[in-house]
Amino acid sequence: FVLHLATKNHRSHPTYSLPPGNLGIPVIGQTFSLLHALRTNTDDRWFRARIKRYGPVSKMSVLGSPTVLLAGTAANHFIFTNEDLILTQTRALRSLLRRSILTLTGDKLKQVRSALQGYLRPEMVRRYVGKMDIEVRRQLKLNWVGRSTVNVLPMARNLTLGVICSVVFGEEAATIVDALGTDFQLLGDAILSFPVNIPFTRFGKGMRSSAKIREAVRKFAKKREESLLEERCTISTTDFVTYMLILRSKGAHSITLEDIVDNVMGIIIGAHGTTSALITFMMRHLANEPDVLAKITEEQDEIANKKGTDGALTWEHVSSMKYTWRVALETLRTVPPVFGSFRTATKDIEYQGYHIPKGWKVFAAQSITHMDSRFFTEPTKFDPSRFEKRSSIPPYSFLPFGGGPRMCPRTEFSRVETMVAMHYLVTQFRWKLCFKDEAYKKDPKPTPVFGCPVELELREPYNDL
Ligand code: HEM
C-alpha cells in the first residue's frame, strides 16, 4: 500500500523514470541505517556507497517519506535555487519549534526573514562586538579560568547560548540562560528523534523543555509589550523581541506575539548549536596541528598587543583576523555543523532525466563535496591555506551555510562571535586533548562522544580577562 502511494504520481508521468535505488521496508526504509551511520560518524561512507551503487541521484525512504538523495555541485545548485523544492524540517522539529523561521513558508517566512536580516544586518553586528566581548570574557572567567580540565563542547554551548541570548533578550539574558540552559540543550537534542511524545524519550524530554522555554519567552515578550504600551521602551532598546514589537506597531509586519515567541526559539536553536560545534572542532584541530596553532597565536597576540589588556575587541580587530577565519572555514569544511537538509517537491520535477514526484522529499547531502578530491586536493588534510583564494573554490562545492534563498541569514554574526571567542581562547590558554582521537557522532550536529575534554593551562604571561 505504501509503495502504491509512493509511486502513484509516477505512473501518470511515463516519460521519466524514478531514480534507481529502493524504498526498503515500508515506513522504516533506510531510516535506521542512516541514523546509525550518523551516530557512528560513518555517514560520508554510507552516502558514498549509495552514490557508487546507484549514481548521484537515487531513491530511498527516510523518516517515513520517499526521498531522493542528490549529491554533487550540480545537485547542490539545483536544490538551493529551485523554487519548487521547499525547505522541510523533521516532524520532531516542527512540533518542538512550531511556527518559527525554520518551519515557516510563504509570506510569513518573508516577513520574519526580512525582520531578522534587518535586526542582524552587518552594521548592527558591528555594534554587538562589544556585547559579545563582555559575554565571552564573563563565560571564560566563570567556566574556564582556574580549571585543569574542561569539557569543551558543553562549555562552548554555554558560551554561544550566552552570546545569542545577550542579543535576543538584552540585559535579562543571564537570568534566562541560567534558568533554561539545560532545556535549550534538551530541545536541540530532540530535533532528530522519533516524534512520539512519551516521557523520558528524547522527544518527550524535548517537548517538555520546549514548553518550559516557550512559557519563559512568552512572559518576557508580554512584559516588553506592556512596557511598549506604557512607552517605557524606546527604539533604542536593542533586544530582538522589542525590535519585532516596534516593527509591528509601525505596520512593517503582521507577526503575532506567539509567532515572535516561536521565532525567538528558532533563532536561538539555529544559532547556538552550530557555532558551538565550530568552536569545539576548531579547538580540537588546533590541539592536533601545532603549525596552525603557532600561526593563529601570532595573529591573535599581535591583536592583543594592539588592544591592550583593558580594552574590548572592536570591529576593526575582528576584521583583521584573516588567518583565524581561514582556520574556521577549514573546520567548517572538514566538520560541517549542518551536514545536509530536506526539501519537499511542491510539484512533479525532473532532474537529470529522472522524475521526482510531487510530495516526495529531496535530501541535499551538500557537504559530500567538501571531501571530494575533485574540488579539494588531499581532502582529509587540514589545510587553512585553501581559503587564501576563495575564487579557486568551485561554485556550490563548499556550502557550510547552505545556499540560495534559505541560506543561513546570519553568517556574519557567527563569524564575529567565533573570532571573539577564539581570540580569548588562543591568547589566554593552552590545551591538550584528553582523548587524541575521540570519536564523534552526528546528533544531528557533530558531537564528540565524551564532549571533547581537554587539559587546560593558562598561558604565560596571563592577562586578566
Ligand atoms: C557556524 C555557524 C553556523 C552554521 C554552520 C549555520 C548553517 C546553517 C545552514 C546550513 C542553514 C540552512 C540552510 C538550508 O538548509 O538551506 C542555516 C539556517 C539558518 N541559520 Fe544558520 N548557521 C550558523 C550560525 C547561525 C547563527 C549565529 C544564527 C543566528 C544568529 C543562525 C540562524 C539561522 C536561521 C534563523 C536559519 C534558518 C533560515 C531559513 O530557514 O530561512 N545561524 N544555518
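**View 1. S58 is a buried residue in strand β1, residues 57–62.** The relative accessible area of S58 is 1%, where buried means under 20%, exposed over 50% and partly exposed in between, as found with a 1.4 Å probe on the protein chains only. The model is a predicted one, in which local features need a pLDDT of at least 70 and side-chain atom pairs count only at pLDDT 80 or more, while totals for chains, interfaces and linings use all residues. Residues are numbered from 1 along each chain as its sequence is written, and side-chain values use heavy atoms, with hydrogens and water left out. Leaving aside residues up to four places away in sequence, S58 touches P19, P20, R50, T67, V68 and L69, a contact being heavy atoms within 4.5 Å. Between the C-alpha atoms of S58 and A71, which are 13 residues apart in sequence, the distance is 9.3 Å.

View 2. C408 itself is placed in the loop between β8 (361–364) and α16 (411–428).

**View 3. The largest pocket has 21 lining residues.** A pocket is an open set of points on a 1 Å grid over the protein atoms alone, where a 1.4 Å probe fits and protein lies on both sides within 12 Å along at least five of seven lines, and its lining residues have an atom within 4 Å of a point. The space in this pocket comes to about 420 Å³, the volume being what is filled by probe spheres set on grid points that are joined across faces, edges and corners. T334, V335, M371, Y440 and K442 are the lining residues that lie nearest the centre of the pocket. At least two lining residues come from each of α3 (43–54), α12 (257–288), α15 (322–334) and β10 (440–442). Sorted by class, the lining holds 9 nonpolar, 6 polar and 6 charged residues; here Ala, Val, Leu, Ile, Met, Phe, Trp, Tyr, Cys and Pro count as nonpolar, Asp, Glu, Lys and Arg as charged, and the others, Gly among them, as polar.

**View 4. The largest nonpolar core takes in 101 residues.** Such a core is a set of buried Ala, Val, Leu, Ile, Met, Phe, Trp, Tyr and Cys residues joined through side-chain atoms within 4.5 Å. The residues with the most contacts inside this core are L140, W144, F169, F240, V264, L286 and F413. Helix α12 gives the largest share of the core, 14 residues. Around W144, not counting residues up to four places away in sequence, the residues touched are Q139, V150, V152, M155, M283, L425, F429 and L456.

**View 5. Helix α11, residues 240–249, is largely enclosed by the rest of the structure.** This description applies because 8 of the 10 residues of α11 are buried, and these are F240, V241, T242, Y243, M244, L245, I246 and L247. The elements that cover them include α6 (106–119), α8 (152–169), α10 (202–229) and α12.

**View 6. E123 and R127 belong to helix α7.** Helix α7 spans residues 122–143. E123 is partly exposed, at a relative accessible area of 45%, whereas R127 is exposed, at 57%. The C-alpha atom of W315 lies 9.8 Å from that of E123, although 192 residues separate them in sequence, and the C-alpha atoms of R127 and W315, which are 188 residues apart along the chain, are separated by 8.0 Å.

Conventions
Helices (H or I, at least four residues) and strands (E, at least two) are DSSP runs, numbered from the N terminus.
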